[in-house]
Amino acid sequence: MKFAVRNILATLAVGAACAAQAADLPSSKAPAAPAPTQEDWFVTVSGQVSFGPSYPGAKSYDFSGIPGISLRRVGEKEPFGTPDDGFSFAFYNNDLLRFGAVGRLVGDRAVHDNNALKGLAYVPYSLELGGFAEVTPVSWGRLRLELRQAVSGHDGLVATVGGDVWQSWNGFTLSIGPRLNFGNDKYASTYFSVSQAQANANIGAGGKLYAYNAVGGLTSAGATTALRYDVNENWRATAFGTYQRLTGSVSNSPLAYSVGNGDRNQWTYGLEVAYRFRTTGQFIPGLF
């Protein structure tokens with residue numbers, strides 16, 4: 001009897017030891033993978049209202065409005081910008097160099113409400129897409145290049161070369177800098193050429209246009225000045241003014257002076273209001 005009891009106790013002890021050893025073994029179930037790190041972004045949404053030429057080379061002026069959005073990783077230095085920059089997203093960004101994608105929307109040229117343009121073709125809104133590069137060699141100055149191909153509207157290739165210097169104080173930032181605009185033959189022809197058939201139709205409708213073949217090159221030169229006020233960390237407002245003087249072949253087009261209700265001097269004034277907020281998560285999945 002004692003022998004049987006001892007056997008039972010031994011069996012229980014061995015079972016307990018095996019159970020304890022099994023508990024110490026690693027689980028066959030793999031540990032859950034850690035959640036991917038999500039980046040924090042600053043998102044800036046803006047709205048811009050401007051008063052400028054109704055179309056390239058126009059003497060008449062209209063109001064226009066356009067929204068905007070920009071993204072920046074938290075931790076990246078906020079780049080300097082002006083309201084006449086194209087909408088851009090940097091693929092590479094450090095204190096000296098930035099480059100990435102850029103876009104710009106150009107208004108249409110309507111002829112039905114302008115007797116001076118009778119006989120010309122309607123030019124729809126132009127969406128220009130391309131790339132930009134920007135160099136900031138000092139803390140108060142930059143150089144910027146935009147190269148854009150229109151995928152609608154004028155369908156031409158254009159470029160903007162410019163620079164800015166700025167000074168900040170008490171929430172204000174004042175900037176000024178030159179701008180040079182270039183366009184290829186297709187751009188120049190769309191806005192500044194007049195075929196013989198168009199000239200005949202225009203004269204028949206009481207206009208004064210004559211046939212002219214515009215070619216590309218440096219299309220205008222001028223400058224932009226802006227005054228920005230940072231209301232707080234989230235809100236800012238920027239008033240700006242731009243002057244451009246038509247140059248080269250396009251400046252000699254009948255559409256660039258009074259014969260075609262045009263003006264070689266192009267002025268634009270505007271106001272931009274922007275709001276910035278912080279968000280977490282990948283804004284462009286798969287790109288970063």
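Colleague: How many aromatic pairs does the count come to?

Modeller: The count comes to 13 aromatic pairs. Rings of Phe, Tyr and Trp (its six-membered ring) pair if their centres lie within 6.5 Å; planes under 30 degrees apart count as stacked, over 60 as edge-to-face and the rest as tilted. This is a predicted model, in which local features need pLDDT of at least 70 and side-chain atom pairs count only at pLDDT 80 or more, while totals for chains, interfaces and linings use all residues. Residues are numbered from 1 along each chain as its sequence is written, and side-chain values use heavy atoms, with hydrogens and water left out.

Colleague: Why is the pair of Trp 267 and Tyr 269 called stacked?

Modeller: The ring centres of Trp 267 and Tyr 269 are 6.4 Å apart and the planes lie at 5°, so the pair is stacked. Tyr 275 and Phe 277 also form a stacked pair, with 6.1 Å from centre to centre and 25° between the planes. Elsewhere, Trp 41, Phe 89 and Phe 91 make up one aromatic cluster.

Colleague: Which charged end sits over the ring of Phe 42?

Modeller: A charge sits over a ring if NZ of Lys or CZ of Arg is within 6 Å of the ring centre and within 35 degrees of the ring normal. Here the charged end of Arg 276 sits over the Phe 42 ring, 4.2 Å from its centre.

Colleague: How many salt bridges does the structure hold?

Modeller: Side chains of opposite charge can pair when their charged atoms come close. A salt bridge is a side-chain nitrogen of Lys or Arg within 4 Å of a carboxyl oxygen of Asp or Glu. The structure holds 17 of them.

Colleague: Which residue forms a salt bridge with Glu 78, and where do the two lie?

Modeller: Arg 228 does, with the closest N and O atoms 3.6 Å apart. The pair links distant parts of the chain, 150 residues apart: Arg 228 is in strand S9 (residues 217-230), and Glu 78 is in the loop between strand S2 (61-73) and strand S3 (87-93). Helices (H or I, at least four residues) and strands (E, at least two) are DSSP runs, numbered from the N terminus. Arg 228 is buried at 18%, whereas Glu 78 is partly exposed at 36%. Arg 228 also forms a salt bridge with Asp 230, at 2.9 Å between the closest N and O atoms.

Colleague: What does Glu 146 form with Arg 104?

Modeller: Glu 146 and Arg 104 form a salt bridge, the closest N and O atoms being 3.0 Å apart. Glu 146 in strand S6 (residues 141-150) and Arg 104 in strand S4 (residues 97-106) are 42 residues apart. Glu 146 is buried at 3%, and Arg 104 is partly exposed at 21%. Both belong to a network of salt bridges whose members include Asp 84, Arg 98 and Arg 179.

Colleague: What is the phi of Asp 155?

Modeller: Most residues other than glycine have a negative phi. Asp 155 has a positive value, near 60°, and is placed in the loop between S6 and strand S7 (157-169). Asn 261 has a positive phi of about 55° although it is not a glycine. Asn 261 is in the loop between helix H4 (248-251) and strand S11 (265-280).

Methods
Buried < 20%, exposed > 50% of the residue type's maximum accessible area, 1.4 Å probe, protein only.
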